[in-house]
Amino acid sequence: MLIIILPIIVMQMIVAYIFFNAHWATVTANLTESVAADVAVATQLYSRDPTVANADALDALLRPDMQLSVRLKPGETLPTARRRNFFSVLDKTIGRALSNAIDLPFWFDTTRYPHHIDIRVQVNEGVLQFYAARDRVFAPTGFVFIFWLVTATILLTLVSVLYIRRQSIPIRELADAADAFGKGQDIGAFKPHGAAEVRRAGQSFLKMRQRIRRHLDQRTLMLAGVSHDLRTPLTRLKLALSMAETKEDIAHAKRDLDEMEAMLSAYLDFAHGAGQGTPEDLDLGDFVIGIAATEEIQATVAGPVEIEARPQQLRRALMNLIQNARKYAGEPKVVLEMTDSHVQIHIDDAGDGIPEHMREEVLRPFARLDEARTQNIEGVGLGLAVARDIAQVHGGRLKLDDSPEGGLRATIQLPR
């Protein structure tokens, strides 16, 4: 809007400045010089016969045709103060014209009467007062010009605002669609429209969305196929082991099989992604208390807070963090805090923590930082990665920090 509106306003200001300096001031100066000359001639004619009768005769002569009234005020003097006109240019122009035309002391007022200018000249008998029609002194086209200038500026500004707002609608719709797609939500019946550049950006977004969805579908199908293909031989191996005779070998083999099955389940869960499920209104306070009660851990909740979330995915993220903390640092604690713009769910433990320079690495898929904590003998390094994806799908983030309990604090921050 500023790109369009500011040039309009600046242009109109320049045009107004040029008009008043090159046209209006010149016309007004010519008019005031004419009135000043008439006042000077009337003063000279009066000085030849300085009587009230002569002043009345001059008034009868000048009033009809020259719109100049003359009256003698015997014994009076000129006022000592004068009110200033809002248009100071008019006062300066009249003062300069009268100074050039009259040698006697004078006084004038352009503000007292709406249709006349009061001009007074000091003579020996008193004050010779003149009333000149304002149209003879002041060019009325100035106000008309300003009116049309302001009107044109307002109309152009309104048209610009309406046009820009109309053009910004498809841009906002594109931004909303991109934001919804980033959160795994349906973008609805989004259709590019508006200016050619905006339509092109919308079409590129739809093509990108199709490519990303195709990539995700291919990843899911690939990992689902791997999982399906491996479950059959795993089942046969379990059946064969159930018929084996040595219990110790059977136990070791079953543990390996169970670990392989858990790994496949983790891969498949990760392939399914974090955007499944339908967003719904959720009381996060009750939700956190319910998970803490199920896991039999301590929970501190600041109060009820309503957010829009996918309950199953959010539960999965919190369970991953709780199980991760429990695996390496004993029983964790859950804390729900609220700010004006966000809610934060902290999972605190009292373990050894993770060094600060390794916290970003541990959030990557398949990361296993055995040296950062207790020996990692289970899992495939997807728990934190899945939790971070779920937080991002909800428009938030997962961050790792030092816990007040002495270990690691994993925080899911979500917008309110």
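Helices (H or I, at least four residues) and strands (E, at least two) were taken as DSSP runs and numbered from the N terminus. The model is predicted, so that local features require pLDDT of at least 70 and side-chain atom pairs count only at pLDDT 80 or more, whereas totals for chains, interfaces and linings use all residues. Residues are numbered from 1 along each chain as its sequence is written, and side-chain values use heavy atoms, with hydrogens and water left out.

Helix α1 spans residues 2-48 and contains Ile 18. Together with Val 10, Ile 14 and Tyr 17, Ile 18 forms a nonpolar surface patch with about 410 Å² of accessible area in total. Patches comprise residues with over 30% relative accessible area and no salt bridge, like charges being joined within 9 Å and nonpolar side chains (Val, Leu, Ile, Met, Phe, Trp, Tyr) within 5 Å. Accessible areas derive from the Shrake-Rupley method with a 1.4 Å probe, and for residues only the protein chains shown count as cover. A salt bridge is a side-chain nitrogen of Lys or Arg within 4 Å of a carboxyl oxygen of Asp or Glu. Ile 18 is partly exposed because its relative accessibility is 48%, where buried denotes under 20% relative accessible area, exposed over 50%, and partly exposed the range in between (1.4 Å probe, protein chains only).

A negative surface patch consists of Glu 280, Asp 281, Asp 286, Glu 306 and Glu 308. For this assignment, Lys and Arg count as positive and Asp and Glu as negative, while His and the chain ends are not counted; each charge is placed at NZ of Lys, CZ of Arg, CG of Asp or CD of Glu. Strands β5 (280-283) and β7 (306-309) each contribute at least two residues to the negative patch. Glu 306, located in β7, is exposed, with a relative accessible area of 53%.

Rings of Phe, Tyr and Trp (its six-membered ring) pair if their centres lie within 6.5 Å; planes under 30 degrees apart count as stacked, over 60 as edge-to-face and the rest as tilted. Five aromatic pairs were identified by this rule. Phe 106 and Phe 108 are stacked, at 6.5 Å centre to centre and 20° between the planes. Phe 108 is buried at 3% relative accessibility, whereas Phe 106 is partly exposed at 25%. The pair of Phe 147 and Trp 148 is edge-to-face, at 5.3 Å and 75°.

Helix α11 (residues 383-393) is mostly covered, with eight of its 11 residues buried.
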